[in-house]
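This briefing covers one chain on its own and then the contacts that two chains make with a third. Please read it alongside the sequence and the coordinates.

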Amino acid sequence: MELKFYQENNASIIEIVGSLDTMTAPEYEKQMIEMIDGGSTVFIADCTQLDYISSSGLRVLLMTLKNISNKGGKFILFGMQEPVFEVFKICRFDNLFTIVADKSAALQSIA
Amino acid sequence: MSPKTKQNILIPIVWFCWFFLLNIKSFADDKPIKLVLQWVPQAQFAGYYTARKLGIYEIYGIDVTIIPGGPNVSVIDCIKTGKADFGTFFLLNATKRVAQGIPLVNIAQVSRRSALMLVAKKSSSIFRPEDMNGKKIGIYKEDFSDIPLAFISNNRLDVTVVPIATGINIFLHGGTDLTNVMWYNEYHTILNCGYNADELTTFYMSDYGFNVPEDGIYCLRSTYDANPEACERFIEATMEGWLYAFQHPSEALDIIIEEMKAEHIPANLAHQQWMLARMRDIILPDGGYEFSTFLSEETYEMMGQILLKNASISTLPAYNQFYLPVGKYAEK
Amino acid sequence: MLKNRSLRFKLSAFILTGTILVAAVLFSYYYSVSRKLILESALTNARHLTMETVNSVENVFRSTAKIPENLVYVFETGITDEKALYRFMETVVKNNTELFGSAIAFEPGAMVPGVERFAPYFYKNNGQIVYSNLSDPAYNYHLQDWYQIPKELNKPIWSEPYFDEGGGDIIMATYSVPFRWPNDGVNENKFRGIITIDISLVWLKQVFEELSIYETGYGFLLSQSGKFLVHPDPDNVMNASIFDIAELQQDEKLRELGRKMVRGQTGFMNIIEPVTGQEVYLCFAPFPSSGYSMGIVIPTAELFAGLTRLNRNVAIIAVLGLLALFGVISLISGRITEPIRRLSGATTLIGQGDFNAVLPKIDTNDEIGQLMRSFETMQIALAEYIENLKKTTADKEKIEGELRIAHDIQMSIIPRTFPPFPDRSDVDIYGILESAKAVGGDLYDFFLLDENRLGAAIGDVSGKGVPASLFMAVTRTLLRAKSMNMKNASPGKIVTSMDIDLCTENDASMFVTFFYFILNLKTGELEYCNAGHNPPFVLDEDGEITAIDTVHGFPLGVMEAEPYETGKIKIRPGTRIVLYTDGVTEAENEARELFKEKRLLETLKLMKDVQDPKEISLAVKKAVKEFTLEAEQSDDLTMLVINYLGENYTSK
């Protein structure tokens with residue numbers, strides 16, 4: 001799994017490439033903690049290249065959400081692939097997380 | 001005992017046995033014979049000295065004394081006065097003597113070919129007979145001059161003849177352009193005064209129609225008639241001496257050098273070595289060991305013509321009177 | 001070949017080889033230069049000696065030659081009668097001590113008309129001057145070399161040396177000078193005769209014998225024709241020429257030397273002396289006036305004797321020196337490499353496990369000493385590291401041991417006895433839980449709430465390993481506790497209550513997807529609550545498969561949200577309910593393909609007539625195994641199959 005970070009419109013954008021599972025979740029968690037501690041509060045997750053998520057992955061996304069929400073920030077996910085979205089739906093996380101179609105929609109929503 | 005000494009003893013013993021078996025002659029017949037040679041001891045007479053030294057004459061039942069020749073010895077006088085029984089002569093000179101009336105007979109023609117030469121330095125630009133025109137040619141007086149003069153006249157050469165008596169020095173110094181030499185003698189002297197063969201032009205008289213042999217053994221007719229058998233033995237023993245000398249050259253040379261020293265003649269080994277080798281070429285011109293002492297009538301006639309032409313003689317003695325085939329080597 | 005040799009040998013060999021090469025080059029250079037210098041010096045000396053000799057001899061020849069030349073002059077201008085001639089000649093011989101004799105030889109009739117041979121000759125004999133006339137016809141002086149040659153060449157000439165007529169060993173030479181008629185209109189300057197003087201060459205012989213050329217060197221003298229006049233071997237004197245020697249020895253070089261000398265050349269030559277066979281240098285030069293020539297022979301061996309001795313001594317010293325050097329190098333390199341060898345030995349011991357092997361003590365500050373100290377440091381570090389490793393391994397083993405226990409504990413809280421209710425005929429259950437790791441986060445549970453009601457649940461804790469298993473344990477405990485406490489509560493209420501407890505103090509954001517149902521075994525009414533879990537499949541009595549795919553809410557522990565709802569269905573006897581976690585549907589094969597619901601459905605379709613939950617479970621498990629094959633199990637494989645038979649079930 002690869003993580004790419006960049007800033008756009010005052011938002012920290014994380015591109016998640018590959019699968020977010022037991023092996024890769026810790027890395028994501030570490031990066032996220034760093035960025036949050038660094039002061040970022042607006043996060044947009046690019047899920048276009050996220051092709052698998054396990055419960056560990058869900059857990060760390062949930063953690064991100066909780067963490068950012070506690071700090072009054074925003075966490076938006078976009079471009080989710082169908083199988084991954086299915087998992088979200090089963091857990092009803094589609095209601096919990098803000099999931100949009102694409103980047104512009106994501107940017108718009110934080111504007 | 002050194003091998004040489006052994007050889008010196010052993011070989012005569014072998015000879016002795018060999019000839020004892022083959023030639024049982026009357027040993028009581030030890031007639032004393034005196035031989036006079038035409039010059040001082042040198043390899044030219046190797047056969048005689050070898051035969052005497054090794055006792056070959058003794059085996060043949062003859063007791064030979066050799067009287068060495070030299071500038072003060074006249075062979076013909078010795079024969080005439082009976083001082084010597086046999087003598088060696090050049091064929092030409094002997095013929096002249098016989099023509100003068102001395103009753104010599106040739107009982108063995110030992111030399112089979114002419115050894116007479118004319119030599120020039122290539123630096124004199126003499127390469128062919130015609131180049132001799134206008135040049136000075138040194139010729140020995142008397143005994144050696146017949147053929148060179150005949151050669152000059154035959155080739156119609158316009159040369160200045162310089163009579164020489166002592167040797168080749170005048171030629172070496174350039175006082176003459178050509179000089180007349182014997183192949184076995186003065187030619188080698190020229191070479192060993194520092195001239196290389198390729199710096200000299202040689203004219204062998206035998207190549208120009210003058211192949212007249214030289215050395216032969218002669219005696220008075222009366223001597224032969226008195227004891228033809230002794231003459232035969234003498235010749236055959238002499239030829240055995242020559243055979244031995246040719247087969248054992250270094251031993252023969254030792255014998256010759258010894259004789260020379262005894263006569264106080266300066267003995268030069270290199271010169272004698274050459275001389276012995278050339279004597280072999282003259283006595284056995286075809287190689288091998290087939291000796292011949294035969295004088296053919298053609299050769300005699302040819303030689304006679306030269307003498308008649310230059311008026312040395314007025315008539316040529318008859319061939320049968322002059323030459324007697326004696327001994328087994330005289331068979332044609 | 002060198003690869004396997006010791007350092008000591010290599011060092012010694014290379015240094016020694018290098019030294020030998022350097023020494024050899026030095027030596028050769030020095031030797032060749034010395035040789036050259038010696039040779040040059042010797043040849044220079046030889047040349048000087050030769051030139052001195054030539055000069056002094058030439059002086060004598062020339063001054064002697066003047067005598068007949070002056071005679072010629074005097075005669076040509078002054079003397080006309082015989083008597084005057086005799087007096088003159090006698091005086092000349094008497095007054096010139098170096099002369100032995102003198103003659104005037106005339107052309108035929110050139111002094112006394114009609115007289116063929118006239119050659120008055122005066123010579124010394126026993127202190128007296130003796131007169132003789134060389135007119136003997138047998139002698140014929142006109143044909144003698146001393147007369148004929150200068151006549152033909154028209155110039156004065158020295159003769160070849162000869163022995164005195166009187167016998168004895170005195171070598172003589174004659175100088176002949178031609179003289180001519182005066183040009184008085186009568187005789188036109190024609191050749192008239194030869195004037196000669198004879199001198200003995202004994203003084204010449206003495207000059208040569210007195211030449212001191214080292215110890216074994218000598219001088220020799222050649223006549224105009226190359227004949228030896230002076231030579232160490234008396235046999236050669238006046239007998240053999242240099243060409244004769246060359247011919248006997250088949251020596252081309254010697255012949256060449258002879259030719260050069262006889263032609264009046266000067267020079268040096270390096271040849272092998274004919275008789276002795278030793279190498280010599282030869283310096284040669286002519287006597288221009290007489291045409292004789294001389295050579296000085298220097299034996300090379302003697303020339304270089306000193307140098308040869310020196311060389312030999314130097315060589316001996318060098319060899320000894322090199323041997324000593326070899327010894328020293330060998331010793332030193334041995335001393336240097338010895339610590340390395342000891343270190344190597346100690347290291348081998350360490351490699352075999354003896355970390356306390358004693359390293360050799362080396363106190364020097366050179367590279368070896370530094371190496372030694374590094375090794376010591378390494379040895380200590382290595383020992384520590386090994387200790388740590390041992391401890392960590394021990395710790396790990398302890399943890400692994402504890403994990404095994406944890407696994408056992410975990411397994412013990414999940415019902416493992418099948419069939420669970422052997423006395424009951426209305427329901428049969430089979431469950432599988434295979435954890436991916438020692439302990440996992442999946443759970444299933446079932447229990448009888450009362451006579452008629454069965455509660456069953458399946459859940460999947462987010463994550464794996466110990467945290468998940470702990471969370472699973474808590475969840476299961478809560479389930480049991482709540483179920484017991486809220487006996488008549490709906491599954492929704494129970495799940496809501498569980499959620500509240502699980503959300504409390506849940507910093508790790510762990511959650512568990514959960515499905516809980518209560519089945520009335522009498523009526524077939526089923527109430528369920530799905531908290532974010534995979535919808536279970538229902539195979540009805542006809543084999544139709546449906547999914548209970550209503551989801552009521554988040555997984556438990558996410559956040560306190562709205563209360564969970566309860567769903568209701570009714571099932572008839574013969575219905576099988578298949579609960580599973582995503583360990584089944586997300587099982588991966590090596591190609592990273594997922595098993596997926598489709599395959600599960602296909603497998604269940606095959607089971608449509610199978611009632612035995614065990615058979616169904618195992619069939620699904622087998623299908624998953626056959627799918628994943630060698631791939632590593634990534635998630636817990638958990639299934640719970642409940643077969644509802646009802647009161648009076650009779651199979652079809």
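This is a predicted model: local features need pLDDT of at least 70, side-chain atom pairs count only at pLDDT 80 or more; totals for chains, interfaces and linings use all residues.

Among contacts in chain B between residues at least 6 apart in sequence, 83% join residues at least 24 apart.

Chain B by itself
- The secondary structure of chain B consists of 14 helices and 10 strands.
- Of the 332 residues in chain B, 46% are buried.

Chain B against chain C
- Contacts between these two chains involve 21 residues of chain B and 23 residues of chain C.
- On the side of chain B that touches chain C, two or more residues come from each of strand E7 (160-164), helix H7 (169-173) and helix H12 (269-283) of chain B, and H7(B) gives the most, with 4 residues.
- Sorted by class, that side of chain B holds 11 nonpolar and 10 polar residues, while charged residues are absent from it.

Chain A against chain C
- Here 13 residues of chain A are in contact with 15 residues of chain C.
- Helix H2 (55-70) and helix H4 (93-96) of chain A each contribute at least two residues to the side of chain A that touches chain C, where H2(A) gives the most, with 7 residues.
- The class division on that side of chain A is 7 nonpolar, 3 polar and 3 charged residues.

Methods:
Residues are numbered from 1 along each chain as its sequence is written. Chains are lettered from A and ligands numbered from 1 in the order in which they are written. Two residues are in contact if their C-beta atoms, placed from the backbone, lie within 7 Å. Ala, Val, Leu, Ile, Met, Phe, Trp, Tyr, Cys and Pro count as nonpolar, Asp, Glu, Lys and Arg as charged, and the others, Gly among them, as polar. A residue is buried if 20 or more other C-beta atoms lie within 10 Å of its own, exposed if 12 or fewer, and partly exposed in between; C-beta atoms are placed from the backbone.
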